[in-house]
Amino acid sequence: MHDAARSDVPAGRASSPARILVGLLLGLGGLIVAYQFGMNMHASTGLPYWDDWGYFFGTAQGVQQPLTVHSIFAKDSDHVAPFFKLLTHGLWQAIGVDFLAFRLVGWLAFAAMLAAYALVLLRDCVRSAWDAVPVAAAGLFLTGTLNNEYFYYQHMGLAQPIFFTCLFLFLHTLARGRLVPAMLFLLAFGSTGVFGASYALGVAGAGAVLTLRQGGSWRDRLDGRMLVAVGGGLLLTAAMLWMTFSGSYANHTGQPLVLPWHSGFWAFLLGAFATAAGLPVEAVGAPLSLAAGAAALALCLIPAAGLLLGRAGRENRNAALAISGLIAGAVIVTMTTALGRAGLCGEGIANAMRCGTIPRYAYPVLLAFPAAVAGWTLLLGRRTGVGAGVGTIAGVVLVAALAVGHGAGTDAFWRHWSVDGLNRMVAERDAAAERCVATHLQSIHTPAGMDWSRPLVCPSASPRNIAPFLQAAYDLKAGFVQSILADTASRPERATLATLLQAGQLDEASARLRLDVPPRDGGLHGSLDRFVRLPSGSLAALGWAVDAAVPAPAAFVLLGVGDRIVATSPTGGARPDVAAVLKDGRMTDSGFSLPVPPDLTGQRVRLFVLGHDGGLKELTPPGGAAATP
């Protein structure tokens with residue numbers, strides 16, 4: 001513990017059991033993270049996911065975006081800020097197009113983040129080993145896989161853990177009086193646009209309050225540590241905010257801003273706090289979740305304000321600065337996110353709250369909870385005059401409340417540390433993405449080469465057109481593309497599909513393939529449910545298809561116009577309703593989302609389901625259906 005803190009507790013046996021307990025808690029957390037890491041690396045196939053496609057293969061964002069003054073301070077610049085951009089670009093050159101290797105680096109960054117956070121809280125922010133016990137216990141909730149979802153299944157989970165590692169090391173070096181590395185760490189995390197500016201502003205505000213309340217001359221008040229925290233934080237915040245909102249896509253989603261006087265703003269904020277507290281919003285309902293989110297927000301703000309305004313903060317300036325700065329930064333960044341993101345899920349309190357429950361938005365709040373527990377132990381321990389005992393008890397009570405939140409609802413308490421569910425999600429997502437990419441590669445193969453002009457939208461991989469990114473990965477001979485091509489060569493139904501797309505035709509009268517494959521109508525079932533407009537703006541046909549003869553979801557769904565096949569899609573979408581009706585869990589992933597070429601919008605099209613043996617059956621009524629939403 002901190003040297004000054006040790007003087008508050010008797011030496012000898014009094015602190016030994018507490019230190020042993022703290023060590024056991026930290027060891028348990030380390031084992032949990034190591035187990036999660038091993039299981040997750042074992043489950044993943046190494047496909048890109050979501051922003052990974054554009055981050056590595058795009059020309060308008062990520063490491064391939066030019067390092068111009070305005071572009072580096074973009075709204076999502078925890079991805080594209082100069083520090084992370086240069087670091088990731090170096091990793092890109094060293095590792096190559098290997099997303100399993102990037103996932104490994106992401107897990108190492110996550111472990112470094114936890115270690116840096118423990119260093120700050122346990123060495124700079126508690127008075128005794130007993131006070132460290134509830135703080136370490138609260139830190140265990142950072143290892144829950146549900147709350148770590150962003151790091152768990154996204155390959156490029158590098159930006160946020162590296163960002164927070166720099167933030168924690170800034171606070172630690174500042175507390176130790178190492179001003180040069182503190183300024184470097186401030187520049188590293190503070191130059192990440194709105195995200196870093198929120199924490200820089202939070203620390204600067206906390207330092208300003210502590211400076212104003214400090215007695216003596218201005219030289220005594222504004223020492224080197226507070227000068228870096230206040231002066232550096234305010235200057236960097238002003239620069240980042242100006243760059244972000246004057247020269248960048250401050251709200252690139254195109255959604256109208258949700259301002260603080262809108263109910264959706266507070267629903268998003270409280271939803272993030274409720275989710276970070278472990279409460280399953282979908283299970284307990286909105287009213288209880290809003291109340292729990294408000295309680296969690298209050299439990300964070302009270303110790304932050306108390307340390308800044310009370311005697312405990314004046315006597316423990318480093319701890320007060322770290323704790324209050326972390327809490328203020330978490331609140332500010334969540335409120336800033338609510339401005340541009342609370343409307344993404346739709347209008348109304350329920351929709352805004354659903355957006356706030358996304359783990360990546362709730363994660364900054366979760367990181368504030370151990371700091372809040374440390375704040376309560378420090379605040380109550382001093383205020384009552386009893387010493388460490390009351391503060392420790394208060395911390396234990398708060399950890400127990402956090403445990404109650406994590407155990408609420410219909411699921412078990414251990415769901416936050418379970419790896420099975422997320423591993424299944426990873427496997428299903430990768431399988432669906434592989435089928436989608438394989439189908440597209442087959443469909444664009446022509447005697448003259450690959451036709452990369454055709455769009456590709458795989459909801460399991462990215463909700464946007466990833467055809468340009470797939471072309472870049474194909475040209476770079478990315479490992480995941482090579483494995484998909486090798487797997488495609490061993491699947492007979494994909495060979496049939498390739499032949500059909502290259503030379504086959506449909507007999508409109510019989511809806512049979514003019515190929516040397518056995519037609520089969522029996523056992524192929526499905527439905528075209530509707531046409532919908534995707535977020536990318538393109539049209540897609542939604543439905544389900546199964547091959548009961550296998551039994552399994554059907555191999556592919558084909559979109560035909562006249563005697564031509566113009567688009568294809570694998571199954572793989574979750575349709576538990578279909579599995580329930582058919583009373584066969586193997587049919588759960590029988591849904592499909594088949595993109596319709598833009599020039600066919602409004603025209604009459606026909607959908608066919610292709611079985612695993614090459615048999616074909618029409619899903620649409622004879623004559624087809626109009627491709628309109």
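Modeller: Let us start with contact, which means heavy atoms within 4.5 Å. This is a predicted model, in which local features need pLDDT of at least 70, side-chain atom pairs count only at pLDDT 80 or more, and totals for chains, interfaces and linings use all residues. Residues are numbered from 1 along each chain as its sequence is written, and side-chain values use heavy atoms, with hydrogens and water left out.

Colleague: What is T336 in contact with, leaving aside its neighbours within four places in sequence?

Modeller: With those neighbours set aside, T336 touches V194 and S198 by the contact criterion. T336 itself belongs to helix 18, residues 317-341. Helices (H or I, at least four residues) and strands (E, at least two) are DSSP runs, numbered from the N terminus.

Colleague: Is T336 buried or exposed?

Modeller: T336 is buried, because its relative accessibility is 18%. Buried means under 20% relative accessible area, exposed over 50%, and partly exposed in between (1.4 Å probe, protein chains only).

Colleague: Now to charges. How many salt bridges are there?

Modeller: A search of the whole structure gives 7 salt bridges. The term denotes a side-chain nitrogen of Lys or Arg within 4 Å of a carboxyl oxygen of Asp or Glu. One of them joins D529 and R575, with the closest N and O atoms 2.8 Å apart. This pair connects distant parts of the chain, 46 residues apart: D529 is in strand 7 (residues 524-533), and R575 is in the loop between strand 11 (564-570) and helix 26 (576-582).

Colleague: Which residues make up the network of salt bridges there?

Modeller: The network links D529, R575 and D577. R575 also meets D577 in a salt bridge, at 2.9 Å from N to O. R575 is buried, with a relative accessible area of 17%, whereas D529 is partly exposed at 34% and D577 is partly exposed at 42%.

Colleague: What about E618 and R606?

Modeller: E618 and R606 form a salt bridge whose closest N and O atoms are 2.8 Å apart. E618 lies in strand 14 (residues 616-618) and R606 in strand 13 (residues 604-610), so the bridge ties together parts 12 residues apart in sequence. Both E618 and R606 are buried.

Colleague: Turning to rings, how many aromatic pairs does the structure hold?

Modeller: The structure holds 18 aromatic pairs. Rings of Phe, Tyr and Trp (its six-membered ring) pair if their centres lie within 6.5 Å; planes under 30 degrees apart count as stacked, over 60 as edge-to-face and the rest as tilted. Among them is the tilted pair of F141 and W417, with 5.6 Å centre to centre and 55° between the planes.

Colleague: Where do F141 and W417 lie?

Modeller: F141 is in the loop between helix 7 (129-139) and helix 8 (149-153), and W417 is in the loop between helix 21 (388-406) and helix 22 (420-443), so the pair ties together parts 276 residues apart in sequence. F141 and W417 are both buried.

Colleague: Last topic: which residues of helix 23 are buried?

Modeller: In helix 23 (residues 467-475), the buried residues are A467, F469, L470 and A473. They cover an arc of only 155° around the axis, which puts them on the same side of helix 23. The arc is that of the directions from the helix axis to the C-beta atoms. After helix 23 comes K477, whose phi is positive, near 55°.
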